[in-house]
Amino acid sequence: MLKRLLAPSFIDSALNPLEKNLYKIILGVCLFVTITYSLTLLFQQQFIVRYILMILVTYLVSYIAVFLLKKGYSKISAYFYILSLLFFILVFALTGGGIKGHGIQFLPILALFAGLTIGRKEIWIFGVFVSFCSFSLIIASHYDLLIVKEPIKNSDFVNWVYSTTCIFLLCFVEYMSVGSLNKALAEAKEELILRKKSEEKYRQIFESFQDVYYQTDMEGKILLITPSIKDHTGYDVTEVIGKNVNEFYFDPKKREAFLPEIQVNGKVQNYEIDFKTKDGNVIKAIISSKILYDESGKPKIIEGTIHDVTQRKNAEEMLKLKNEKLTEVAFLQSHIVRRPVANVLGILHLMNKDNPADPLNLALIPKLEQVSKDLDEVIKQIVEKTNEIEGMN
């Protein structure tokens, strides 16, 4: 049976702390009962049947408790084992001297076992119950209901065996308790270290955030904001926390339009807004925000991100201006340039190329000169527009 209790498949299984405590208690009780009653038999051989029966009952109860643990009924196993040991002690106390019997010494230790396996709250109920059960032995003794009125063969050696057993059991319980406490402290310390690492990692992510993350209450008071706010607006975090966001809107009316939308939908995506910087400039941004609710479903916080699109907007404006300039250049080239060129071609067609001294040629030369000046002026305009475009790069 001891081999069954020590089955490797059970020892290697994943156990929670209460299950491990119960399993150690089962093995410890089996060991101490075997040693105690074996030593006692050296001086009380006339009670061999009684002590062998005690050992067998202990092993049987232990085996059933281990079986329940294997099936996953840890709580039932704990209650069954502790109550069985209580019943076991009381029955043999009734037949071995009542409250004066040796076995009754194990009741306080049994209460300690219960505290390690059943739970902190239940132990008080169990303690009251155990005290009541032991008090029943006094009643039984008073009304002569005990089979043996005095302890069985009360000898110094037997007393020493039981006292020593109780001492070692107490040491065993203390060892388990301190072990559990040390493990709990180690786990708490490890959890604290992991939490600090997690907080440090979160802080690094928070501080390295390129966009601006913020939280406000429902009235707009800024509760939290990332340090990246300084890169975009010039304000330090301490200059922003506690203030209302309206103070930083370039146009406060945009805030008035923002609130109804987020209150109705619970969130807002890519809402365009202009913010004032510390030096009086304006940055263009888009906001994506949502409402966080408390446990009762009441709106509690608005959180979101602010993405600075000033450079993008400026680039778009610059591209728009370039397109306008290119359109003007194209118009000059396709329409304005063609007129003086057509005039030049027309004048050249009228000129008498066979007789350069023809008076008509002399009359056309001033007109040709004027058309050339008009063409030169158009070319100058094209060059100016082209230079303006290059200056935008």
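This is a tour of a predicted model, from the whole chain to a helical group and then to a sheet.

**Before selecting anything**

Residues are numbered from 1 along each chain as its sequence is written, and side-chain values use heavy atoms, with hydrogens and water left out. Because the model is predicted, local features need pLDDT of at least 70 and side-chain atom pairs count only at pLDDT 80 or more, while totals for chains, interfaces and linings use all residues.

**The whole chain**

Show the protein chain as a cartoon. The secondary structure comes to 14 helices and 5 strands. Helices (H or I, at least four residues) and strands (E, at least two) are DSSP runs, numbered from the N terminus. Of the 393 residues, 35% count as buried; buried means under 20% relative accessible area, exposed over 50%, and partly exposed in between, with a 1.4 Å probe and protein chains only. Among contacts in the chain with a separation of 6 or more, 60% are between residues 24 or more positions apart. Contact means heavy atoms within 4.5 Å.

**Stop 1: α3 and α4**

Select residues 17–41, helix α3, and residues 48–70, helix α4. The two pack at an angle of about 170°, with their axes 10 Å apart. Axes are lines fitted to C-alpha atoms, for helices over the stretch in contact, and angles run from 0 to 180 degrees between N-to-C directions. α3 and α4 are therefore roughly antiparallel to each other; angles under 35 degrees count as roughly parallel, over 145 as roughly antiparallel, 65 to 115 as roughly perpendicular and the rest as oblique.

Show side chains at the contact. The α3 side includes L22, Y23, I26, V29 and V33, and the α4 side includes Y51, M54, I55, T58 and Y59. By class, this contact has 16 nonpolar, 4 polar and 1 charged residues. Ala, Val, Leu, Ile, Met, Phe, Trp, Tyr, Cys and Pro count as nonpolar, Asp, Glu, Lys and Arg as charged, and the others, Gly among them, as polar.

Centre on T58 in α4. T58 is buried, with a relative accessible area of 2%. Leaving aside residues up to four places away in sequence, T58 touches V29, V33 and F88.

**Stop 2**

The contact is made by E19, L22, I25, I26 and V29 of α3 and S74, S77, A78, Y81 and L85 of α5. These residues divide into 7 nonpolar, 2 polar and 1 charged.

Further along α5, pick F92. F92 is buried, with a relative accessible area of 15%. Not counting residues up to four places away in sequence, F92 touches R50, L53 and M54. Now draw a distance from F92 to I147: their C-alpha atoms are separated by 10.0 Å, although the residues are 55 apart along the chain.

**Stop 3: α5 and α6**

K75, A78, I82, L85, L86 and I89 of α5 meet L107, L110, F113, A114 and T117 of α6. The residues of this contact divide into 9 nonpolar, 1 polar and 1 charged.

**Stop 4: the sheet**

5 strands form an open sheet in the order β2-β1-β5-β4-β3, with antiparallel pairing. Two strands pair if DSSP finds at least two bridges between them. The edge strands are β2 (222–225) and β3 (267–276), each pairing on one side only. The twist averages 30° from one strand to the next.

At one end, 3 bridges join β1 (residues 212–217) to β2, and Y214 stands opposite I225 in β2. At the other, 8 bridges join β3 to β4, and I273 has A285 in β4 as its bridge partner. The hairpin of β3 and β4 has 5 residues between the strands, and there G280 takes a positive phi near 95°.

Finally, bring back residues 253–265, helix α11, which packs on the sheet and touches β1, β3, β4 (282–293) and β5 (299–308). The direction of α11 makes about 165° with that of β3.
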